[in-house]
Amino acid sequence: MKTSLQLHLGQQLTMTPQMQQAIRLLQLSSLELQTEIQQTLESNPLLEQIESEEDQEYLPSHALQKECNSDNNELNSSLKEEIIPEDLLLDSSWSDTYDSVLLLTSSEQEILSDLAHQKNNEETLQEYLLGQAYLSFTDKKDFTIAASIIDAINDEGYLCDSLTEIMQDLQKNIVIDPNDVKVVLHRIQNFDPPGIGASNLSECLLLQLKRYPPDTLWLEDAKKLISHHLEALSKRDYAQIMRGMKLSEQDLLATIRLIQTLNPRPGNKIQANRVEYIVPDIYVTKRGNGRWEVELNPDIVPTLRVNNYYANLIKRADSSFTNSYLKNQLQEARWFLKSLHNRNETLLKTACCIIDRQQAFLEYGDKAMQPLVLHDIAKAISMHESTISRVTTNKYIYTPQGIYELKHFFSNHVASQNGKECSATAIRAIIKKLIAVEDPRNPLSDDKIAQNLAKQGIKVARRTIAKYREFLNISTSHERKRLI
């Protein structure tokens, strides 16, 4: 192949570092933005946070750190002096002064390694069960078997592997009897929470009923229903259950109410509750003159400014390393402040445009939501749709109807018979309201819901109703059927 030189002319868009930073800040959520600001404050000495409106006397950061370190050293030394006794008796031993520690083998230490971090981490289901096993099984072999069984229990509390598979896995290291595995599993099934370690739903519910007092009303009927008619119960075939168990409708209803007190997923009760708190980025309030006011949440973004102490150290004609470093940090601080300002301005402008078009929602809720797409907002504020998509993702707004993500206000339109457009969000709200007031003995089918919407001038296909119903996590009419 012959080599040659060629010249091509072309244009391409190159994103500057400043533009990349602005786009990245734009798509961050409020919690992610606070983390980003904190990291920037720690890495850039030219940025500082204004703690109060009144300017306080400047104190260099290294002095504060030194003072904190000094306090920490004093605290640590005081703890050491308080915990370790100055004098020990000549014949004293370690256990006389300190709490005794159970010496475990390396395999047992590996099994219980996660338990040592429970003070700092939220307790999982496996850790919770291992803690009970540690107190229940004194024999090392039984504890090893229990650890393997607990490892095979999923987050919902069910045993995923069969006893044969667990036994084969254990026999790679120790010699065990199959009866030992069954005995250990039976003891684990008596652990808290009730119903743990079951292989299926029927066994899980029966394990929980075993803990009820023997004189509990409808207890025997509940056990019989779960053992022989659980599939019919899942299908809402109440007539078959009443024929098979020879129960009246009232007796069956009382039996079902007892079963409803059970937990089909016992493991979820122990799983760590990792609650993610939503902090609204924007507040919408109605003033006395009837107008809606949109404002940014001042608690999300702290007030930042350039640190005058370090900025005054920069010399124009100095080309030393320290002076060049301060110049670069000063420029980055200004870029960051500008990007932060542009983010807030774009967010506020977008929110104002959305609220201006969705004022009916603020008054009446989802049923009054108007059709709206990204292109409408982008055209109104002269921005690209990708920018609107970034600024409305993971950004939340506080309204009289509740806290919503900005994405909630966008929905496609559906043409109605009177020539007006209805949003998909409004249709879903109507469907939810219709199902909420339906007869539980004769719930509305998707066809009937479509007919009710047609009476209101909204023409929607049955498959669209099914899609909206699934979006709302509402089961089918057959599954919603109740005795009462």
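## Crossing of α18 and α19

In this predicted model, helix α18 (residues 374–381) and helix α19 (residues 385–392) have axes that come within 8 Å and cross at roughly 110 degrees. Angles of 65 to 115 degrees count as roughly perpendicular, and α18 and α19 are therefore roughly perpendicular to each other.

On the α18 side, the contact is made by L374, H375, I377, A378 and I381, while α19 contributes E385, I388, S389 and T392. Sorted by class, the residues of this contact between α18 and α19 are five nonpolar, three polar and one charged.

## The four-stranded sheet

Four strands, in the order β3-β2-β5-β6, make up an open sheet whose pairing is mixed. Because β3 (292–296) and β6 (402–405) stand at the edges and each has a single partner strand, one side of each is left without a neighbour in the sheet. On average, and with direction ignored, neighbouring strands of this sheet are turned by 25 degrees against each other.

Towards β6, by contrast, β5 pairs in the antiparallel sense over four bridges. These two strands, β5 and β6, form a hairpin with two residues between them, and T399 has G402 in β6 as its bridge partner.

## A helix across the sheet

Helix α16 (residues 321–357) lies across β2, β3 and β5, and its direction is at about 160 degrees to that of β3.

Leaving aside residues up to four places away in sequence, E36 touches R24, L25, L28 and F336.

Helix α6 (residues 125–136) has twelve residues and reaches 17 Å from its first C-alpha to its last, which is close to the 16 Å expected at 1.5 Å a residue. The buried residues in α6 include L125, L129, L130 and A133, and also E127 and Q132.

Definitions and conventions: Residues numbered from 1 in each chain as written. Predicted model: local features only at pLDDT ≥ 70, side-chain atom pairs only at ≥ 80, totals over all residues. Heavy atoms only, no water. Pairing = 2+ DSSP bridges. Axes fitted to C-alpha atoms, helices over the stretch in contact; angles between N-to-C directions. Contact = heavy atoms within 4.5 Å. Expected span 1.5 Å × (residues − 1). Buried < 20%, exposed > 50% of the residue type's maximum accessible area, 1.4 Å probe, protein only. Parallel < 35°, antiparallel > 145°, perpendicular 65-115°, else oblique. Nonpolar A, V, L, I, M, F, W, Y, C, P; charged D, E, K, R; others polar.
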